Amino acid sequence: MHMIEVKGLQKAFGSEQVLKDVSFTVDKGETVAVIGYSGAGKSTMMAGLAGVLGGDEEGEQEGSLTIDGVDAREARGRVGLVLQDPDSQIILERLGDDAAFGCENLNVPREEIWQRVRESLDMVGLGGLELDRSTRHLSGGQRQRLALAGVLAMKPGLLLLDEPTANLDPEGVVEVHDAVKKVIEATGQTMV
């Protein structure tokens, strides 16, 4: 069984066809790049893989999208999504609390949450920062790495990165690139 299996996926918002007859598979441990021009539907595809694309009230959809054989909408918690804009993912004021937020929502035991938070912050190069540091005082690259750490702390089977360096300066791009490379090397994570 493939980790990701997309068959004949089509998504339209009103008269705008965003995805048309998309089919592909991804096996566990693979790293896959989805490329295309702006507006081609990459972010829509990522939302679908994350199970947050929405139902019929948010546009017409055909085809299937499964994660480990389960409809993507039912596989939440198995998939971690890092968006283009870290400000859309950073929710809490303190670095440690923000990295722990997803684990808390998954009801991970409290003592395990903080171990996961520290491990994920170390993995993305933020382990040297105080857990009570304000998220408002982080650079763009640090904010994006915090978003990645929060996703990693949830221990998803699939990591989705939706243009995570799009809004960063060159230094931030290098920071995020290096953090993602380290994650792949350390975990063998499946990534799109």
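Modeller: Happy to! On a 1 Å grid over the protein atoms alone, a pocket is an open set of points where a 1.4 Å probe fits, with protein on both sides within 12 Å along at least five of seven lines, and lining residues have an atom within 4 Å of a point. A volume is the space filled by probe spheres set on the points, which are joined across faces, edges and corners. The model is predicted, so local features need pLDDT of at least 70 and side-chain atom pairs count only at pLDDT 80 or more, while totals for chains, interfaces and linings use all residues. Residues are numbered from 1 along each chain as its sequence is written, and side-chain values use heavy atoms, leaving out hydrogens and water.

The largest pocket holds about 550 Å³ of space. Its lining counts 22 residues, with L81, Q89, G102, V151 and M154 the closest to the centre. By class, 13 are nonpolar (Ala, Val, Leu, Ile, Met, Phe, Trp, Tyr, Cys and Pro), seven are polar and two are charged, where charged covers Asp, Glu, Lys and Arg, and polar the others, Gly among them.

Helices (H or I, at least four residues) and strands (E, at least two) are DSSP runs, numbered from the N terminus. At least two lining residues come from each of β5, α2 (95-105) and α4, and α2 gives the most, with five.

Now for the sheet: β5, β6 and β7 form an open one in that order, with parallel pairing (at least two DSSP bridges between two strands). Strands β5 (79-82) and β7 (190-191) each have a single partner, so one side of each lacks a neighbour in the sheet. Helix α4 (residues 140-153) packs on this sheet, touching β5 and β6 (contact means heavy atoms within 4.5 Å).

Conventions:
Axes fitted to C-alpha atoms, helices over the stretch in contact; angles between N-to-C directions.
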